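Take a walk through this protein, one part at a time. Keep the 3D view open as you read.

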Amino acid sequence: MAQELEGGTAHGRCEEIDGTRRMTGGMNPEDSTRSRTGLAVEMVADVLAAAARLAPDGRGRFFAPSSLQSWPGMVHGGGLVALLDTAARSLGGDARPRRLEGRLTSSVPLETALDLDGHADGGAVTVTIVERGQPLTSVTITPGATITTGRFEPAAPEPGGRLDGREGWPLPFSDQCLACGARNPLGLKLGLRFDHDGVWARFVPRAPWRGPGGRLDPALPVVLLDEMAWWLGALVTKEGGLTNRIDLTLLRPDAVAPGALTAIGRFDAVTPIDRRRTFWRTHSALLAADGTVLASAAIVFRAGADYSTRQMTFFRSRTDPEIFARMFPNYAG
């Protein structure tokens, strides 16, 4: 498995590494469907449907707008999986509970016309982004709903006790990232926190991430849990890195789920999967306000000092020095 995972450049994380503007804040309130200028805000479902178009014969085109970015110029990894899940509907992909298995073998550029190739095999649908005959990312969608990770306990999801009342420390925001970008009008604008036991977020989804009747967009848990996985891996290894395998189950992809959602992952469930301890499998889940598990994920994080060299300047510039020292002690000096 390690040899297979080591292929390709995979996908980076969040914002440009030389940013100097420090962002702060907590969990976000629910936003209106109209911007401050009075113009209607784009909905995630519409943006994804326009970015990945697949014909019934399995051929299609891909063009991701800048609002779907992670690092500047690159599409967010969780956003990629959500995009291809959306495109799979053209080939009979199931909109009901399903498992998404994404292979992010290379970064995918924004605002670049690429090819899509899709095919159905039995009940599963696989969609691949292709550039000049070279596959960049693929996702296989399989009907069915079982919790992706056996390390997650739905009855007691909170690491170290109840989530209520936990403080922890805030993780840094970026500017334009689809998950944590404070200035991305389409983004989740997610504020993650961490303590000695794990990473979590409690938030009310913004209007672009809800459909008719207040139902959650199925892209929400994919983008969110990919972001969670990056931080789980980075804080355990104390290094920068990337995610390159996403195995996620949408247990309730069209849930109404009023109130605040909770996403959570535990450090004690982050485990190495190769001898060199380069690849680490993380586990996380998204819960409704009543504790119902909406989605669960087992996502692989690839750590490395070479990634840290490019990423630490960015995170240091946006993080309180004391908090940064807790996050990445080897780079605090």
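How many residues of the lining of the largest pocket are nonpolar, polar and charged? The lining divides into 10 nonpolar, two polar and eight charged residues. Keep in mind that this is a predicted model.

Stay with that pocket. Its volume is about 340 Å³. Of the 20 residues that line the pocket, Ala45, Arg89, Leu216, Asp217 and Pro218 are the closest to its centre. Two helices also contribute: H2 (44-51) and H3 (77-87) each supply at least two lining residues.

Now turn to strand E3, residues 98-104. Its side chains alternate. Arg98, Leu100, Gly102 and Leu104 point to one face, and these are buried.

E3 has partners. Strand E6 (residues 134-143) runs antiparallel to E3, and seven bridges join the two. Find Gly102: its bridge partner in E6 is Val139. Strand E10 (residues 241-250) also pairs with E3 in the antiparallel sense, over six bridges. There, Arg99 stands opposite Thr249 of E10.

Finish with helix H4, residues 219-237. How far apart should its ends be? The helix has 19 residues and, at 1.5 Å a residue, should span 27 Å. H4 is mostly covered, with 18 of its 19 residues buried. Just after H4 comes Lys238, which takes a positive phi of about 65°.

Notes: Residues numbered from 1 in each chain as written. Predicted model: local features only at pLDDT ≥ 70, side-chain atom pairs only at ≥ 80, totals over all residues. Heavy atoms only, no water. 1 Å grid on protein atoms, 1.4 Å probe; cavity = no way out; pocket = protein on both sides within 12 Å on 5 of 7 lines; lining within 4 Å. Points joined across faces, edges and corners; volume = space filled by probe spheres on them. Helix = DSSP H or I, 4+ residues; strand = E, 2+ residues; numbered from the N terminus. Nonpolar A, V, L, I, M, F, W, Y, C, P; charged D, E, K, R; others polar. Buried < 20%, exposed > 50% of the residue type's maximum accessible area, 1.4 Å probe, protein only. Pairing = 2+ DSSP bridges. Expected span 1.5 Å × (residues − 1).
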